[in-house]
Amino acid sequence: MNPDVPQPPHSSSSPPSPPPSPWAPPSSAGEPPRPPGQAWPGGQSGQGWDRPPEWSRPPTGPVRAPSGSRYDEQGRNGHGGRFGWIGELSAVVGLVLLAVVVVGIVGVVLAELLDATPADPDSDLFFEDPVADLVVQLLGIAIAIPIVLWGARVIGRRPAGTVSSVVGRLRWGWLGRCAAVGFPLMVVQIGVLIAWTWNDEPVGESGTGFPGWPVFLLSLAVILALVPFQAAAEEYVFRGWLVQVVGRVARTPWPAVVVASLLFALAHGFGELSGFLLLLYSALWWGWLVIRTGGLEAVIVMHVANNLLAFGLAAGFGELASTETAADAPWQAMVAELVFAPLYCLTVARIAGRRGIERVSP
């Protein structure tokens, strides 16, 4: 061997390593060897060489509207497509009507089984006893609450609590503050109306008079237990869920508020023109207040206060069997509402602004 010719270094203990394969995956400098079957980094999409790409899956639970959305925009969570609101509207309205019919049928069957039907065959009541009949009527409306919450959660794919407020729940502390304003104001309003119309139609003139303490106390128990749910149900349907369904396609809240207010007035039946205008006027103010305060608490309070006092007076004067509604209100009630509706709404809106009540979703 010529010592002047350089020889390749080698070791007698290890054979020379083979050249790298052209099919081997790329490796970064200094990376430790990986065990067999483990994915190599790299690739065009950042996935491993020995596993397929992982596609993103849509969320399976309820989805909130984007942060900063108004109350009427809570249904805009990207689910249902452009015309998804039609399916939600149709399903919920159909279920509400079906539930009302079912409650009515149950009332008729119970009245027949208990032999408690009205003596007058032309009567519109289920029971001869007005207290029992009141239970059926109130339950027939209150049942709408779980239905609209179900529609928002299952069909609208959004948290059911967003029907209550933009924060996703009923704000009980705020509701209590609204009650401190609403209940005294409603007492004054009804007192003014009674004093104004006393000579024209004294309270209790069309009723049977005081029914006695046992019946009166039973009536009050039913009223206190069920009227809050009945009044809240009307708000959840007309000022809540319906506004949010229409709000999925309307750019501003006003189309939703106007449509819901008109349907609210029509749902009370056709009575006096003054009664229809009163309902429509009140509903427009209440719809504005829901958008302004970001929830239903303030309008639930006013509706519950009105109905508790109205039903309580009817029970005291033996008028629970009356079929009159707010649509039959006299013109004096409309004039009083012109003052008291904006007084309450503007006062509550001012308090909400001072206390920083959430108007849009967090």
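**View 1. Aspartate 122 and its accessibility in the predicted model.** In this predicted model, aspartate 122 counts as exposed because its relative accessibility is 65%, where exposed stands for over 50%. Aspartate 122 is placed in the loop between α1 (84-113) and α2 (130-142). A negative surface patch takes in this aspartate, its members being Asp120, Asp122, Asp124, Glu128 and Asp129.

View 2. Glutamate 297 belongs to helix α8, which covers residues 297-316. With a relative accessible area of 0%, glutamate 297 is buried, since that term applies under 20%. A polar atom of the glutamate 297 side chain lies 2.9 Å from the backbone nitrogen of arginine 171.

View 3. Helix α5, made up of residues 213-246, holds alanine 225. Because its relative accessibility is 41%, alanine 225 counts as partly exposed, the term for values between the buried limit of 20% and the exposed limit of 50%. From C-alpha to C-alpha, alanine 225 and valine 135 are 9.8 Å apart in space, while in sequence they are separated by 90 residues.

**View 4. The whole protein, as context for the close-ups.** The protein contains 9 helices and 0 strands, and its pattern along the sequence reads α-α-α-α-α-α-α-α-α.

Technical notes:
Residues are numbered from 1 along each chain as its sequence is written. This is a predicted model: local features need pLDDT of at least 70, side-chain atom pairs count only at pLDDT 80 or more; totals for chains, interfaces and linings use all residues. Side-chain values use heavy atoms; hydrogens and water are left out. Patches are made of residues with over 30% relative accessible area and no salt bridge: like charges are joined within 9 Å, nonpolar side chains (Val, Leu, Ile, Met, Phe, Trp, Tyr) within 5 Å. Accessible areas come from the Shrake-Rupley method with a 1.4 Å probe; for residues, only the protein chains shown count as cover. A salt bridge is a side-chain nitrogen of Lys or Arg within 4 Å of a carboxyl oxygen of Asp or Glu. Lys and Arg count as positive and Asp and Glu as negative; His and the chain ends are not counted. The place of a charge is taken as NZ of Lys, CZ of Arg, CG of Asp or CD of Glu. Helices (H or I, at least four residues) and strands (E, at least two) are DSSP runs, numbered from the N terminus. Buried means under 20% relative accessible area, exposed over 50%, partly exposed in between (1.4 Å probe, protein chains only). A polar contact is a pair of N or O atoms within 3.5 Å; within protein, one must be able to donate a hydrogen and the other to accept it, and residues adjacent in sequence count only if both atoms are side-chain atoms.
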